[in-house]
Amino acid sequence: MSDAMQPLEIAREALRRLAMRQLQPTPENYRSLYHEIAGTKADDLFPERALKLVCSTLPRLNQSQIEFVERLESAVVSRSWSAISGSLVGLLRAQAAPQRKWTALLKDLFKQFERNHDSLTYSQKQVVIQQLLDSSSGELDVLYARLSKLADNWESCESSGAAAAEPHGHGTHTIVPRAGQQ
């Protein structure tokens, strides 16, 4: 039947079958019947399979990427173009956001590290920095936020005017009194 039928005949037959089967005349129902009559396979209007394949190949190297892929996968499963668009726009906005000011942060952190604090030794500061590095799991946004908070905390700590830092040994420091002070 499909070999001899022209598109106009297929369209008429699709409308007739919609009425016969008492189906709503929706684009999806018409499309399904049209392809049934023509003997062709309907391509998905929503390329769910292709988008799922894209999602499966996206990197998931940090929390931000994982969250993006999860949002995108959810949008694909719900077949929502607006959610897919929102995910992509969010990703691009995040990438366009100003980069963290690492240089300024590191200068401030080193300044606070070298500063004498009444309640902190160099060894304690080294331990705290090492813990922050270890616990950030390579996620730069997390590391930046934690180091920034640490520098702010150290800046708000009381400093000792009577003590000065002098290097001692291999990378360790001790706090020694300044000349003339005991």
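## Helix 6 against helix 7

The axes of helix 6 (residues 102-114) and helix 7 cross at roughly 150° and come within 10 Å of each other. Axes here are lines fitted to C-alpha atoms, for helices over the stretch in contact, and angles run from 0 to 180 degrees between N-to-C directions. That angle makes helix 6 roughly antiparallel to helix 7. Angles over 145 degrees count as roughly antiparallel, under 35 as roughly parallel, 65 to 115 as roughly perpendicular and the rest as oblique.

Gln-112, Phe-113 and Glu-114 of helix 6 meet Tyr-122, Lys-125, Gln-126 and Ile-129 of helix 7. Contact means heavy atoms within 4.5 Å. By class, three residues of this contact are nonpolar, two are polar and two are charged. Ala, Val, Leu, Ile, Met, Phe, Trp, Tyr, Cys and Pro count as nonpolar, Asp, Glu, Lys and Arg as charged, and the others, Gly among them, as polar.

## Model and overall build

This is a predicted model: local features need pLDDT of at least 70, side-chain atom pairs count only at pLDDT 80 or more, and totals for chains, interfaces and linings use all residues. Residues are numbered from 1 along each chain as its sequence is written, and side-chain values use heavy atoms, with hydrogens and water left out.

The chain has eight helices and two strands. From the N terminus on, the order is α-α-α-α-α-α-α-α-β-β. Helices (H or I, at least four residues) and strands (E, at least two) are DSSP runs, numbered from the N terminus. Of the 182 residues, 25% count as buried. Buried means under 20% relative accessible area, exposed over 50%, and partly exposed in between (1.4 Å probe, protein chains only). The chain exposes about 12,800 Å², and carbon and sulfur atoms supply 56% of that area. Areas come from the Shrake-Rupley method with a 1.4 Å probe; for residues, only the protein chains shown count as cover. Among contacts between residues at least 6 apart in sequence, 47% join residues at least 24 apart.

## Helix 4 against helix 5

Helix 4 (residues 63-77) and helix 5 (residues 81-96) have axes that come within 8 Å and cross at roughly 165°. The two helices are therefore roughly antiparallel to each other. Their crossing is left-handed. A crossing is left-handed if the near helix is turned anticlockwise from the far one by less than a right angle, and right-handed if clockwise.

Helix 4 brings Phe-68, Arg-71, Leu-72, Ala-75 and Val-76 to the contact, and helix 5 brings Ala-83, Ile-84, Ser-87, Leu-88 and Leu-91. By class, that is eight nonpolar, one polar and one charged residues. Ser-87 counts as buried, at 5% relative accessibility. Leaving out residues up to four places away in sequence, Ser-87 touches Phe-68, Arg-71 and Leu-72.

## Helix 7 against helix 8

Helix 7 (residues 122-135) packs on helix 8 (residues 140-156) at an angle of about 160°, with the axes 9 Å apart. This pair, helix 7 and helix 8, is therefore roughly antiparallel. Helix 7 passes helix 8 in a right-handed crossing.

From helix 7, Lys-125, Val-128, Ile-129, Leu-132, Leu-133 and Ser-135 take part; they meet Leu-143, Arg-146, Leu-147, Leu-150 and Trp-154 of helix 8. The residues of this contact divide into eight nonpolar, one polar and two charged.

Ala-11 lies in helix 1. Ala-11 is buried, with a relative accessible area of 16%. Not counting residues up to four places away in sequence, Ala-11 touches Tyr-30 and Tyr-34. Ala-11 and Arg-31 are 20 residues apart in sequence, and their C-alpha atoms are 9.5 Å apart in space.

The loop between helix 1 (7-20) and helix 2 (27-38) holds Gln-22. Leu-23 is found in the loop between helix 1 and helix 2 as well. Leu-23 is partly exposed, at 35% relative accessible area. Leaving aside neighbours within four places in sequence, Leu-23 is in contact with Leu-18, Asn-29 and Leu-33.

Most residues other than glycine have a negative phi. Gln-22 is not a glycine, yet has a positive phi of about 55°. Gln-22 is exposed, with a relative accessible area of 71%.

Arg-79 is not a glycine either, and has a positive phi of about 55°. Arg-79 sits in the loop between helix 4 and helix 5. Arg-79 is partly exposed, at 42% relative accessible area.
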